[in-house]
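Trainee: I have just opened this one and would like a guided look around. Could we go through it together, a piece at a time?

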Amino acid sequence: MKAQVTLSNDRIEAIEIDAPYETDSLTAIAREALPQLIVASQSLGVDCISGATITSLAVVEAVSDCVRQAGGDPEDLKNREVILPEATSALPSGTYTGESFGMWGRNAFGVSWFGAADEIKPTKVEVKVADNRIASVKVMDCSDTAGFKEGALERIPQAIVDNQSLAVDVVSGATMSSGAVRAAAMRALQEAGADLAPFAVKPAKAPADPETYDCDLLVIGAGTAGTTAALRGVELGLNVVVADVAHRVSGAGGTNTGPLGVDSSMHRAAGFTDTPDSVFTRMMEESK
């Protein structure tokens, strides 16, 4: 990642980020909105964008490097509270649309992920603006994987409206789809000519009320391994509790595609001749 920072009169005037190899849907907010928040607040103490933590940290460090080159101390800016100026540009009322790929689109090299780009289309989002605020966010089209995308499509649009922020947390288990909805909503706001700085502020979280469960076996993580362990515990007559942050269980075990299906009886019955080695080689070649 490269940053070009314009400094004058002890102020950060502009930030341009060049990061062509980042996953667009997940990192768009960090690459495009976060720099605007840094400029508006004159602070490097910004919160990381959920689902794009490393990219967010890279933006802050790249800008910090520029500040050091100019003889400044970036630690002073990192310790400065993020406060937006009261005067913000008006948000034009209207209906705007934006698009972003979720699962999978094409990677940084223009290569389709496992051939998916021919089947999966960009997620399309409609954003309505009224009274200088986001009035509604609606997902118009999303061809991401069923069984994974639903949590993102249900929660992310409402979270953006409720918090008036694009920096809402991704839905665990639907990270890519969550990122696509956020990025598409950002593209819609860019179409409206909106200042993205206010929408890059991460919403404050209210502490959750504690809950207590009694069990014989606690399984943390409801992926393929965790779900299998939990089911075996039930078979043995144990009182089992499974804890997971996602909105669904079984993880990749909920699908019968890709590596999980290679050389299986169903795979062979369908006439496929792929082997684990051939699939591994193709995946490595396609992802460079």
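Trainee: How many positive and negative side chains does the protein chain have, and how far apart do the centres of the two sets lie?
Mentor: Keeping in mind that this is a predicted model, the protein chain carries 23 positive and 39 negative side chains, and the centres of these two sets lie 4 Å apart.

Trainee: And how many helices and strands are there?
Mentor: The protein chain has eight helices and seven strands, and its C-alpha atoms fill a box of roughly 70 × 50 × 45 Å when this is taken along the principal axes.

Trainee: What share of the residues counts as buried?
Mentor: Of the 288 residues, 36% count as buried, while the accessible surface of the chain comes to about 16000 Å², with 52% of that belonging to carbon and sulfur atoms. If you take the contacts between residues at least 6 apart in sequence, 61% of them join residues at least 24 apart.

Trainee: Which residues touch the most other members in the largest nonpolar core?
Mentor: That core has 49 residues, and the ones touching the most other members are I12, V127, I134, I160, L166 and L189. Several elements each supply at least two residues of the core, among them β2 (11–18), β4 (123–130), β5 (133–141) and the helices α4 (150–163) and α5 (175–191). The largest share, eight residues, comes from α1.

Trainee: Staying with I160, what does it touch?
Mentor: Leaving out residues up to four places away in sequence, I160 touches I134, V137, S165, L166, V168, R182 and A185.

Trainee: Now the strands, please: how many bridges join β1 to β2?
Mentor: Seven bridges join β1, which covers residues 2–8, to β2, and the two strands run antiparallel. Among the partners, V5 is bridged to I15 in β2, and S8 is bridged to R11 in β2.

Trainee: What sits in the loop between β1 and β2?
Mentor: N9 lies in that loop, in a hairpin that has two residues between the strands. N9 has a positive phi of about 50 degrees although it is not a glycine. That is worth a second look because most residues other than glycine have a negative phi.

Trainee: Is N9 buried or exposed?
Mentor: N9 counts as exposed, because its relative accessibility is 72% and the cut-off for exposed is over 50%.

Trainee: Last topic, then: where does S278 lie?
Mentor: S278 lies in helix α8, which spans residues 276–286, and it is partly exposed, with a relative accessible area of 28%. S278 and R68 are 210 residues apart in sequence, and they are 49 Å apart in space from C-alpha to C-alpha.

Terms used. Residues are numbered from 1 along each chain as its sequence is written. This is a predicted model: local features need pLDDT of at least 70, side-chain atom pairs count only at pLDDT 80 or more; totals for chains, interfaces and linings use all residues. Side-chain values use heavy atoms; hydrogens and water are left out. Helices (H or I, at least four residues) and strands (E, at least two) are DSSP runs, numbered from the N terminus. Buried means under 20% relative accessible area, exposed over 50%, partly exposed in between (1.4 Å probe, protein chains only). Contact means heavy atoms within 4.5 Å. Accessible areas come from the Shrake-Rupley method with a 1.4 Å probe; for residues, only the protein chains shown count as cover. Lys and Arg count as positive and Asp and Glu as negative; His and the chain ends are not counted. The place of a charge is taken as NZ of Lys, CZ of Arg, CG of Asp or CD of Glu. A nonpolar core is a set of buried Ala, Val, Leu, Ile, Met, Phe, Trp, Tyr and Cys residues joined through side-chain atoms within 4.5 Å. Two strands pair if DSSP finds at least two bridges between them.
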